[in-house]
Amino acid sequence: MAHDDRSLPPHELWAALPWEARERVDAHVVQRARLRAAREVLDAGVLPRPGLYACLELVHVREEILADRLVPPPRDADTLTAAARALGRPVAALELEWDWDSWGTVLVLSAVHGAGERTCLAQWQGVPWDEPLAVAADVAGRLGAELRGPGEDGP
């Protein structure tokens with residue numbers, strides 16, 4: 001990720017944050033809540049106010065520093081089935097879609113429920129295509145839901 005020259009570099013932005021904001025940022029980072037962590041940086045009152053890309057860059061640096069403490073994302077069929085059932089509404093379908101973000105290509109598994117509402121259940125990055133497809137098919141089978149998205153050939 002390229003640095004935004006209009007904002008402080010990550011190490012200076014981190015030093016400019018109040019201690020309490022640093023604690024909240026790291027708490028979100030450990031939970032893999034990138035956008036909430038970036039929002040904490042934006043709302044910390046640093047002047048001049050950093051740009052969004054500078055905030056995301058700082059979050060990325062904190063992810064690298066805290067890599068050994070990051071909560072593993074739930075990606076097994078049992079956990080994802082339980083999460084889908086906990087939505088409180090029947091899941092009509094599961095959708096497996098490619099998304100491109102600042103860190104590259106991400107595969108997103110969403111539950112479609114209600115009037116077309118979507119809830120993200122899992123994300124994969126840097127894994128072989130067949131792994132998320134197998135998990136998604138397993139969860140869809142357990143829920144009696146349709147699986148939509150790219151076929152077995154991948155993207």
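Helices (H or I, at least four residues) and strands (E, at least two) are taken as DSSP runs and numbered from the N terminus, and the place of E40 is in helix α3. The structure is a predicted model, in which local features need pLDDT of at least 70, side-chain atom pairs count only at pLDDT 80 or more, and totals for chains, interfaces and linings use all residues. Residues are numbered from 1 along each chain as its sequence is written, and side-chain values use heavy atoms, with hydrogens and water left out.

Two packed helices are described by the angle between their axes and the distance between the axes. With axes as lines fitted to C-alpha atoms, for helices over the stretch in contact, and angles running from 0 to 180 degrees between N-to-C directions, helix α2 (residues 19-30) and helix α3 (residues 34-42) have axes that come within 8 Å and cross at roughly 170 degrees. The helices α2 and α3 are therefore roughly antiparallel to each other, a term used for angles over 145 degrees, whereas those under 35 count as roughly parallel, 65 to 115 as roughly perpendicular and the rest as oblique.

Where contact means heavy atoms within 4.5 Å, R24, V25, H28 and V29 in α2 meet R36, A37, E40 and V41 in α3. Leaving aside its neighbours within four places in sequence, E40 is in contact with R24, V25 and H28. At 18% relative accessibility, E40 counts as buried, since buried means under 20% relative accessible area, exposed over 50% and partly exposed in between (1.4 Å probe, protein chains only).
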